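Here are my notes on this model, as numbered points. Please read them with the structure open.

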Amino acid sequence: MSPVRELDVAEITAAVREMCMTANYDLPADVYAALQRGADTEQSPTGKAVFAQLVANADIARADGVPICQDTGFAVLFVELGQDVHLTGGSFEDAVNEGVRRGYADGYLRKSIATQPAQARTNTTDNTPCVLHTTIVPGDRVAISMMAKGGGAENMSSLAMLKPAQGWPGLVQAVLDTVSRAGSNPCPPIVLGIGIGGTIDMVTVLAKKALLREIGSAHPDERLAAMEAELLEQVNALGIGPQGLGGTQTCLAVFIEEMPCHIASMPVAVNVQCHAQRHQHVVL
């Protein structure tokens, strides 16, 4: 039997606090490099200038410790909790939310979460509650991935309950329709997380989780990697371009997560992310 490791939830709170601030101030290296490549390779002069401005904006945010974007996002966290970890000191979920609360307060980040969405829409004033997805995994470590998800990009995301007979062509069309409708709204160049399979709830989680992949990475499954490459080519052929001003690079990357589904179903979710793909990852 593996020994049980004790971990005080205060360590989780401290880690989440730091992740919220770092994600909003310091664009991850993979995203920054993708923007630099865009500035070098975009064929549209206007699009090339937009890429240069996005790189400059990221430089200012990092140097001055200010948000990359005024929309500092809904805090979305994926946690892999080792089954040999014994959490002490309080509630795990409360500890995560406390980290978000402190990060958004101490980092002077905009609080964007509203209660009673269809009625009062009262701001919670601390950017909580977060969206928390927890998976129990082997081992004695806690891996935390945090994403700051802006409203403009999230609003452009979609869910399609396709018929199995629509197959791959139907999926491609669903993705292209989503990006075409979105236009400039999600602040392209975008990143697309695609969920395929599962159920109506699971497919949207798959699409969101896909956005945690590093730009430039290929799916380890060659079949899915080929699907990602084809979708990226077709999305960029739409010509929407950086900030919707036209160009050859509407999308920086397409990431797919897939799972089996019912024989009568083919759920497809498209989670749209803006050019500021803000994410952080730590292991405790």
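**Notes on the fold**

1. Start with Cys-251. The closest cysteine sulfur to its own is in Cys-274, 12 Å away, which is too far for a bond. Cys-251 is also buried, at 3% relative accessibility. Buried here means under 20% relative accessible area, exposed means over 50%, and partly exposed is in between, with a 1.4 Å probe and protein chains only.

2. A word on the basis. This is a predicted model: local features need pLDDT of at least 70, side-chain atom pairs count only at pLDDT 80 or more, and totals for chains, interfaces and linings use all residues. Residues are numbered from 1 along each chain as its sequence is written, and side-chain values use heavy atoms, with hydrogens and water left out.

3. Back to the cysteines. The sulfur of Cys-20 has its closest cysteine sulfur in Cys-130, at 8.2 Å, again too far for a bond. Cys-20 is buried, with 0% relative accessibility. Searching the whole structure gives 0 disulfides. The test is a pair of cysteine sulfur atoms within 2.5 Å.

4. Overall build. The protein has 8 helices and 12 strands. These are DSSP runs numbered from the N terminus: helices are H or I with at least four residues, strands are E with at least two. The C-alpha trace spans about 55 × 50 × 40 Å along its principal axes. A compact globule of 284 residues would have a radius of gyration near 19 Å, and the protein agrees, with 19 Å. That radius is taken over C-alpha atoms, and the globule rule is 2.2 Å times the number of residues to the power 0.38.

5. Of the 284 residues, 50% are buried. Among contacts with a separation of 6 or more, 82% are between residues 24 or more positions apart. Contact means heavy atoms within 4.5 Å.

6. Two strands pair if DSSP finds at least two bridges between them. In this pair, Met-147 stands opposite His-279.

7. Helix 2. Its 13 residues (29-41) should span 18 Å at 1.5 Å a residue, and its end C-alpha atoms are 18 Å apart, which agrees. The expected span is 1.5 Å times one less than the number of residues. Its buried residues include Tyr-32, Leu-35 and Ala-39. The buried residues of helix 2 pack against helix 3 (45-64), strand 10 (251-261) and strand 12.

8. Ala-58, in helix 3. At 1% relative accessibility, Ala-58 is buried. Leaving out residues up to four places away in sequence, Ala-58 touches Leu-27 and Tyr-32. Tyr-32 is one of the buried residues of helix 2.

9. Strand 8 (residues 158-162). Its covered face holds Ser-158, Ala-160 and Leu-162; Leu-159 and Met-161 are on the uncovered one. Strand 8 pairs with strand 11 (residues 266-273) in the antiparallel sense, over 5 bridges. Ser-158 stands opposite Val-270 there.

10. Glu-228, in helix 8 (residues 222-236). This glutamate is buried, with a relative accessible area of 5%. Setting aside neighbours within four places in sequence, its contacts include Arg-213, His-219 and Phe-255.

11. Gly-197, in strand 9 (residues 190-198). Gly-197 is buried at 2% relative accessibility. Pro-260 is 63 residues away in sequence, but the two C-alpha atoms are 5.4 Å apart. Beyond four places in sequence, Gly-197 touches Val-203, Leu-206, Met-259, Pro-260, Cys-261 and Pro-267.
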